[in-house]
Structure formats: structure tokens, C-alpha cells
Amino acid sequence: MSVSARRVGQARLEVIVADITTLRVDAIVNAANSSLLGGGGVDGAIHRAAGPDLVAECRMLHGCKTGDAKITKGYRLQAKHVIHVVGPVWNGGSLGEADLLASCYRRSLELCRKHRLASVAFPSISTGVYRFPADQAAGIAVAAVVEALTATPDLTNVIFCCFSPESGRLHEEAMATSGSPCS
Ligand code: AR6
């Protein structure tokens, strides 16, 4: 379900409420942990849908730091690639959580640029098990993507794939101040 869309430069930014594992895009982003070896939430869903070859490739990556991103193939997913990021655990907000969350979105767009990807879908990183406040996270997600888009000219479609209507509403609100409406 498409909630709303905006145009920012060359790119269409879209908010949808859906299961990210069903999307046919160049890359979906996984909210992983630093081992990159799977877990619960969206991470578990992505690994289940991609099949065991995904964790085999992840084993060769030797983990990932908080705020960083690494890319693999998508295997049985409709998506060609998975960009694995490690969001911050929320600890009250004074330990650099906002910067680390923004870094996940920036580093993902850097990988999109490097691999010349045209479409990418993000879950709401850190807002589940890692307890980042969902309203703040939505604002950080949209602002970080809008800022990094100018350096990512091949990227024409960015999807914020929310898992609940409430998360969709928060992203829609965050998008309302960026770009111009899409028809
Ligand atoms: N499609 C889209 N969004 C989803 C899906 C899905 N299929 N499933 C959950 N979400 P979380 P985190 C949403 O907990 O907070 C894992 O165990 C969910 O509603 O998946 O970054 C990892 O291995 C929420 O809004 O990730 C780490 O240990 C968002 O995805 C840890 O959890 C993120 O929730 C990472 O925690």
C-alpha cells in the first residue's frame, strides 16, 4: 500500500506499508546486528526469505560496525541485493544514537552509488528490538536520505517500507517537508 510519495531531485521517495521481503527492487536494507549472522524482526524475515546462501555469504563479511553497511546478493528474494546495516541500540539519546542512525542511511546510499543501483527499500532501522523512538527515527531517516541523494545520481526510487500504518504515518509526516508531491 503506497501511503505517499515526493520527488526530490531525480528521485521518487515513497512511503509504503508492506513486508520488505516481498519487494522487487535493486536492494532491500536489512536492520541487522553486528554479527550479520541473522536474528529476529526484519533480519529474521529477510534471512528466511533469502534462504541459507545469504548467511553463508554474510559469514565471509566478518561482521559490521554500528552505523556501517555491507552488501550481499539477494538470493531467493525478489530484490537483487541486500544491504545489511547495524543500527544503534537506543540508550536515551546521549550516546550518539541519532548520528549512528543517520550513518546507516548514508552508508547504504553510498553502496547504492558504488553499485549503480536505481531502487532501494529501507525498513525503519532500530525502531524494533533496538527501541529507537519511532517518530525521531522517521525524521532522521528522511533527512539523511534527502541529504545524500544529490551524491547518488543513479538512484531514482527510494522506498521507506513501514511495517505498520503508524510507522507509515510518521514517515509521511517526515516527508511532508521535503521535495514536492508526486502524482
Ligand atoms: N518488513 C518491513 N519491516 C519490518 C519487517 C518486515 N518483514 N519485520 C519487522 N519490521 P527490528 P532493529 C520492522 O526489530 O530495531 C534483530 O534481531 C519493525 O516493525 O527488525 O534495528 C537483529 O538481528 C521495526 O519497525 O530491527 C538485531 O539484533 C523495524 O522493522 C536487532 O533485531 C526494525 O525492527 C535489530 O533491531
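Predicted model: local features only at pLDDT ≥ 70, side-chain atom pairs only at ≥ 80, totals over all residues.
View 1. Thr127 contributes through its side chain: one of its N or O atoms is 2.9 Å from an oxygen atom of the ligand. At Tyr130, a polar backbone atom lies 3.1 Å from a ligand oxygen. On its own, the ligand has 700 Å² of accessible area, and the protein covers 88% of this.

**View 2. The shell around the ligand.** Around the ligand there are 20 residues. Asn33, Gly40, Asp43, Gly128 and Val129 come nearest. Nine of the shell residues are nonpolar, nine are polar and two are charged. Helix H1 (41-50) provides the largest share, four residues. Strand E3 (27-32) also gives two or more.

View 3. The ligand takes up the space of the largest pocket. The volume of this pocket is about 580 Å³. Its lining has 27 residues, of which Ala31, Gly41, Val42, Ser124 and Gly128 are the closest to the pocket centre.

**View 4. Elements and classes in the pocket lining.** At least two lining residues come from each of E3, H1 and strand E7 (157-162). H1 gives the most, with four residues. By class, the lining of the largest pocket divides into 14 nonpolar, 11 polar and two charged residues.

Notes:
Residues numbered from 1 in each chain as written. Heavy atoms only, no water. Near = heavy atom within 4 Å. Polar contact = N/O pair within 3.5 Å; in protein donor to acceptor, adjacent residues only side chain to side chain. Areas by Shrake-Rupley, 256 points an atom, 1.4 Å probe, with all protein chains shown as cover. 1 Å grid on protein atoms, 1.4 Å probe; cavity = no way out; pocket = protein on both sides within 12 Å on 5 of 7 lines; lining within 4 Å. Sits in = over half its atoms within 2 Å of the grid points. Nonpolar A, V, L, I, M, F, W, Y, C, P; charged D, E, K, R; others polar. Points joined across faces, edges and corners; volume = space filled by probe spheres on them.
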